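The tour below moves from one selection to the next.

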Amino acid sequence: MMHRIAAGAALIILTLSAAPAPAAAHPGPTDGPDTLSVLARQIGRQALPTNDGWAAAGPGTTGGSAATADQVHVVDSRQDLVAALGGNNATNATNTTPKIIFVKGEIDGFEDADGRLLDCTDLADPGYSLDAYLAAYDPATWGRVAPSGPVEEARVRSVTNQTRQTQINVGPNTTIVGLRGARLTGLTLMIDRAPNVIVRNITFDDARDCFPAWSPTDGETGNWNSQYDLVSVRRSENVWIDHNTFTDGDNPDSGQPIHFGRPYQVHDGALDITHTASLVTASWNRFDGRDKLMLIGSSNTVGPDVGRLNVTLHHNLFDEALQRLPRVRFGQVDLYNNQYRLTGDGFEYAIGVGVQSAVYAENNHFTLGAGITAADLLYDWSGTAITTRGNWVQAAGKLPRPVDLVAAYNVAHDPDLSPDAGWTPTLRHGPVLPAPLVPLVVGPLAGADRLPL
């Protein structure tokens with residue numbers, strides 16, 4: 001049986017790692033949709049396969065597959081991306097017209113209408129500077145209370161300026177696909193109140209916050225908090241995020257300075273799913289070396305999120321990330337066949353078990369660096385239960401072996417977590433691989449530029 005499964009995994013690798021499409025699939029600066037290859041056109045119109053996770057529930061996820069010829073676009077600038085999404089970034093979130101957008105090359109969220117790259121000083125309110133902010137709210141003189149007054153008000157106005165510039169709003173019935181080498185940098189792709197969206201084959205890079213907020217009561221010593229995710233899914237259903245790469249590039253949080261005794265953090269999440277969003281499938285993505293990665297549910301308040309936040313994560317690579325892989329509140333989250341490569345002094349946990357969460361973690365593979373043990377993989381964020389089955393762990397210097405993650409956690413922590421999340425996933429497309437085979441398939445195939453575009 002294992003030989004047949006291994007042969008099937010090899011076939012998947014050979015199929016998905018095939019040579020890229022001919023040069024016609026990569027239009028030049030003035031080329032349009034008519035130059036796309038047949039294969040690119042087919043991938044652009046692909047819907048989420050039947051039963052492929054929570055996003056297959058209800059009406060399923062078709063994105064822009066019904067787009068007419070005039071709603072198929074190839075874009076290579078921020079201005080063109082906004083135009084393809086409907087023409088006005090302030091109202092694009094309500095544009096329900098089916099549309100397919102191919103991203104060519106790199107698009108920078110800081111690019112203005114004339115193609116000039118802005119920087120943080122261009123977006124800052126006249127009343128704000130970091131030096132003025134640090135002088136005004138130093139805990140040694142200001143105390144441990146929330147910032148207020150003219151400099152904080154100027155920071156908030158600056159955030160409004162940046163949001164208007166770098167948050168790109170996506171409407172319903174949209175497919176966004178990257179051609180080979182596609183990169184969206186310095187921006188947040190915001191999917192808010194926008195059902196039926198597909199995003200594939202794009203590298204998302206460095207959605208930096210120019211104006212982080214000091215939160216003196218966050219934790220024992222306070223923290224800097226940022227606003228912008230690489231991709232944010234809010235108040236939306238039937239969203240498929242597939243074969244993308246999420247990274248901070250050459251601007252990691254680890255390289256930021258220390259202010260008020262805490263790291264000056266300029267990034268928030270990679271892919272956050274919050275504010276009653278639900279029916280999301282994230283598959284075959286690669287998350288590289290980030291701190292905060294994925295938040296599913298943003299508040300502990302029992303209310304609208306109950307019965308929502310249902311998400312499937314499969315065949316994703318979590319590579320040297322430190323926390324929130326994911327952190328879950330309320331939702332039924334199916335977590336299977338994911339690969340974790342966890343290292344670094346700053347590692348905190350992998351799966352966060354939050355308020356009323358119901359995570360089902362099956363046949364995942366964890367490779368751990370020095371100082372990380374199986375007992376560190378779960379974290380109790382006021383949750384009570386998680387189902388873990390068929391997961392394998394390779395501790396530093398040891399051979400991989402099956403590990404009961406709940407039992408390992410309970411030996412080292414109190415109170416215990418229950419090993420029964422109270423549900424069993426049914427929406428899965430294709431066979432679930434045994435955990436030992438996951439690194440052989442996910443490592444080579446997860447992330448952007450793995451689809452034959």
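Predicted model: local features only at pLDDT ≥ 70, side-chain atom pairs only at ≥ 80, totals over all residues.

**The largest pocket**

The largest pocket holds about 980 Å³ of space. To find its centre, select Gln265, Asp291, Lys292, Gln323 and Arg324, which are the closest to that centre among the 35 residues of the lining. Colour the lining by residue class: 15 of its residues are charged, 13 polar and 7 nonpolar.

In soluble globular proteins, nonpolar side chains tend to be buried together. Now select Ile191, Leu342, Ile351 and Phe366, the residues with the most contacts inside the largest nonpolar core, a set of 89 residues. Helix α8 (residues 405-412) supplies the largest share of this core, 4 residues.

Centre the view on Ile191 and show what surrounds it. Apart from neighbours within four places in sequence, Ile191 has contacts with Val170, Val197, Val199, Val231, Ser232, Val233, Arg234, Ser236, Val239 and Ile241. There is also a second, separate core of 12 residues, and Val72, Val177, Leu451 and Leu453 are among them.

**Aromatic pairs**

The model has 19 aromatic pairs. Select Tyr128 and Phe211: their ring centres are 5.3 Å apart and their planes stand at 90°, so this pair is edge-to-face. The pair joins distant parts of the chain, 83 residues apart: Tyr128 lies in the loop between α4 (120-123) and α5 (130-136), and Phe211 in the loop between β9 (203-205) and β10 (213-215).

Move on to Tyr137 and Trp142, an edge-to-face pair with 5.0 Å from centre to centre and 90° between the planes. Tyr137 is buried, at 2% relative accessibility, whereas Trp142 is partly exposed at 29%. To see both pairs in one view, select the aromatic cluster formed by Tyr128, Tyr133, Tyr137, Trp142, Phe211, Trp214, Trp224, Phe260 and Tyr264.

Asp125 sits in the loop between α4 and α5 and counts as buried, with 13% relative accessibility. Which residues does Asp125 contact, leaving aside neighbours within four places in sequence? They are Ala154, Arg157, Ser158 and Asn161. Draw the distance between the C-alpha atoms of Asp125 and Arg157: it is 6.2 Å, for residues 32 apart along the chain.

His315 is in the loop between β21 (311-314) and β22 (317-319). At 7% relative accessibility, His315 is buried. Beyond its neighbours within four places in sequence, His315 touches Ser283, Trp284, Asn285, Tyr336, Asn337, Asn338, Leu433, Val442 and Ala446.

**Helix α9 and what follows**

An α-helix has 3.6 residues a turn, so residues three or four places apart point the same way. After α9 comes Gly447, with a positive phi near 110°. Asp449 is in the segment after α9; its phi is also positive, near 65°, in a residue other than glycine. Asp449 is partly exposed, at 24% relative accessible area.

**Backbone exceptions**

Most residues other than glycine have a negative phi, and most peptide bonds are trans. Select Asn51, in the loop between α2 (38-44) and β1 (72-75): its phi is positive, near 70°. Asn51 is partly exposed, with 37% relative accessibility.

Another runs from Asp414 to Pro415, with omega near -5°, and Pro415 is in the loop between α8 and α9.

Definitions and conventions:
Residues numbered from 1 in each chain as written. Heavy atoms only, no water. 1 Å grid on protein atoms, 1.4 Å probe; cavity = no way out; pocket = protein on both sides within 12 Å on 5 of 7 lines; lining within 4 Å. Points joined across faces, edges and corners; volume = space filled by probe spheres on them. Nonpolar A, V, L, I, M, F, W, Y, C, P; charged D, E, K, R; others polar. Core = buried A, V, L, I, M, F, W, Y, C linked by side-chain atoms within 4.5 Å. Buried < 20%, exposed > 50% of the residue type's maximum accessible area, 1.4 Å probe, protein only. Helix = DSSP H or I, 4+ residues; strand = E, 2+ residues; numbered from the N terminus. Contact = heavy atoms within 4.5 Å. Phe/Tyr/Trp six-rings, centres within 6.5 Å; stacked < 30°, edge-to-face > 60°.
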